[in-house]
Amino acid sequence: MTDPTHASVPDGTAGARGTVPAPVAELRSALEILDALITVRLEERRGGPTDRPLSLDDDGGALPDVRRFAGTGPLATLIASTGLTSAEAITLVAALAPAIDERFAVRYGALTDRPGVTGFTGEVARNLVGRSFADRLDATLMLAPQGLLRTSGLLELDPPGDLAGRLHPGADLTAWLLGLPPVPPTATADFPARPLTTVHTLDDVVLPAGARRRVTALAGRIAQRSTVVDDWGFGTHHDNASGLLALFHGPPGTGKTMTAAALAASAGLPAYVIDLSALVSKYIGETEKALARVFDRAARDGSILVFDEADAVFGARTEIGDAHDRYANQEVSYLLTRIEEHPGIVVLTSNILANIDAAFQRRIHVMIEFPEPGPGERQRLWSSVAPPELPLDPDIDRAALAQRYRLTGAQIRDATLDAAYLAAADGRVVTTEHLLEGIRRQYEKTARTVPE
Ligand SMILES: Nc1ncnc2c1ncn2[C@@H]1O[C@H](COP(=O)(O)OP(=O)(O)O)[C@@H](O)[C@H]1O
Ligand SMILES: [Mg+2]
């Protein structure tokens with residue numbers, strides 16, 4: 001999907017000021033269409049509720065064709081990619097409208113016979129899109145929890161079971177349609193994912209040659225994705241050709257999470273880590289809805305989804321035992337299906353490959369093993385984890401440390417950090433003794449004995 005924040009279309013009315021951003025031009029015309037429809041509906045509603053026939057069956061109630069929303073901005077993209085009908089599109093625009101002009105909220109009050117209501121409710125939506133009983137029946141189905149607007153997470157009804165409740169777009173959806181850059185969400189029960197950021201680039205990751213080649217190839221595939229999937233049509237001419245599912249596996253501390261973050265940073269894409277502990281919640285429908293929000297958002301803003309330490313969820317499915325397991329299984333099935341169908345990039349990390357369900361492994365496009373670093377990698381790690389500002393004793397023999405101590409990248413970083421604190425407390429430069437103390441602590445943590 002193209003970046004909505006940079007799209008722009010020429011607009012005659014803007015005159016000397018040049019161009020109006022596509023989202024603005026597009027929403028302006030959508031709001032005009034909506035406003036005209038509201039005027040028609042209000043006209044039809046003249047006279048009190050008991051004076052009017054309940055159903056107006058003639059065909060004067062046709063909705064504006066969905067193609068009238070065909071601008072070049074995020075709204076048009078959304079309508080096309082989700083396949084919204086006219087009724088769904090106008091409902092979406094109507095839910096968004098009060099965020100742009102509060103008079104819409106007031107006018108909605110006149111579109112319902114419930115006294116004292118302002119703002120956009122499910123009933124207002126139904127009155128807006130449906131005149132005849134047949135149309136209103138369709139509208140009722142459209143607004144049901146099973147309807148596309150709600151399963152896709154575009155609109156939420158609050159409370160969920162009551163059409164008299166408020167119908168509103170997700171906060172990030174409003175921003176997206178306005179063409180604003182996405183605000184990184186914080187993980188909540190509603191959105192069980194947090195942004196994954198890093199100061200590192202791919203060059204900072206120390207890997208043996210084989211793994212390095214695979215990571216570089218994956219970065220290349222991500223960089224070329226929009227050419228192949230969008231420009232060259234693989235996204236529209238094949239099913240499931242736009243998705244890219246990668247698995248990084250290897251012992252803890254070998255740089256899997258770091259690489260996922262650096263890949264996203266180097267591609268200029270946002271990345272989210274899904275909080276798998278939030279996955280199994282008491283209410284199965286709620287968890288699926290929360291996950292749907294994460295996937296939908298990632299599909300919209302092109303972000304990379306990272307399932308970190310995925311073993312727990314992607315392992316061989318548990319035998320169906322008590323009710324809790326059944327819930328877990330159902331949620332996991334939902335998650336696997338969403339991942340398989342996701343049109344974007346998903347990275348899983350796992351400490352043990354054998355833990356990943358074999359059937360699921362076949363769905364993975366790119367598998368990269370992150371081995372424990374050998375002496376060569378360890379020597380490079382001892383150099384690379386030390387910031388350039390760190391005052392180091394020139395007598396430190398990194399080759400010797402690398403030969404003698406079997407540590408991962410994460411352990412070498414932590415040992416160096418410990419040594420830096422010790423040196424700072426001593427008011428001195430970092431010496432071999434400080435590093436050896438840092439190393440000793442790492443061995444202690446894993447209950448191993450330090451080699452002589
Ligand atoms: N291969 C590596 N190259 C460079 N630094 C590494 C490497 N592996 C680990 N590190 C350091 O250790 C930290 C933690 O590693 P992490 O990516 O969380 O490992 P994993 O996800 O495999 O458990 C990284 O942020 C980085 O500072
Ligand atoms: Mg990790």
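## Nonpolar cores

The largest nonpolar core in this predicted model has 60 residues. Ala-260, Tyr-272, Val-306 and Val-347 are the members with the most contacts inside this core. At least three of its residues come from domain 2 (193–369), and at least three from domain 3 (375–445).

Val-306 can be followed through its contacts. Leaving out residues up to four places away in sequence, Val-306 touches Leu-196, Ala-260, Ala-271, Tyr-272, Val-273 and Val-347. Ala-260, Tyr-272 and Val-347, named here as its partners, are also listed with Val-306 among the residues with the most contacts inside the largest core.

## Surroundings of ligand 1

Ligand 1 is surrounded by 17 residues. The closest are Gly-255, Lys-256, Thr-257, Met-258 and Gly-409. Two elements, α11 (256–267) and α18 (409–426), each give two or more residues to this shell. Sorted by class, the shell holds eight nonpolar, six polar and three charged residues.

Ligand 1 lies between domain 2 (193–369) and domain 3 (375–445), because both domains give residues to the shell around it.

## A cis peptide bond

The peptide bond that runs from Asp-158 to Pro-159 is cis. Its omega is near -5°. Pro-159 is found in a loop, with β3 (155–158) on one side and β4 (166–169) on the other.

## Residues with positive phi

Glu-309 is not a glycine, yet its phi is positive, near 50°. The residue is found in the loop between β8 (304–307) and α13 (311–314). Glu-309 counts as partly exposed because it has 15 C-beta neighbours inside 10 Å; a residue with 12 or fewer would be exposed, and one with 20 or more would be buried.

Ala-447 is another residue other than glycine with a positive phi, in this case near 55°. Its place is in the segment after α19 (432–445). Ala-447 has 6 C-beta neighbours inside 10 Å, and therefore counts as exposed.

Note on methods: Residues numbered from 1 in each chain as written. Chains lettered and ligands numbered in written order. Predicted model: local features only at pLDDT ≥ 70, side-chain atom pairs only at ≥ 80, totals over all residues. Near = placed C-beta within 6 Å. Helix = DSSP H or I, 4+ residues; strand = E, 2+ residues; numbered from the N terminus. Nonpolar A, V, L, I, M, F, W, Y, C, P; charged D, E, K, R; others polar. Domains from an automatic or database assignment. Core = buried A, V, L, I, M, F, W, Y, C linked by C-beta atoms within 7 Å. Contact = placed C-beta atoms within 7 Å.
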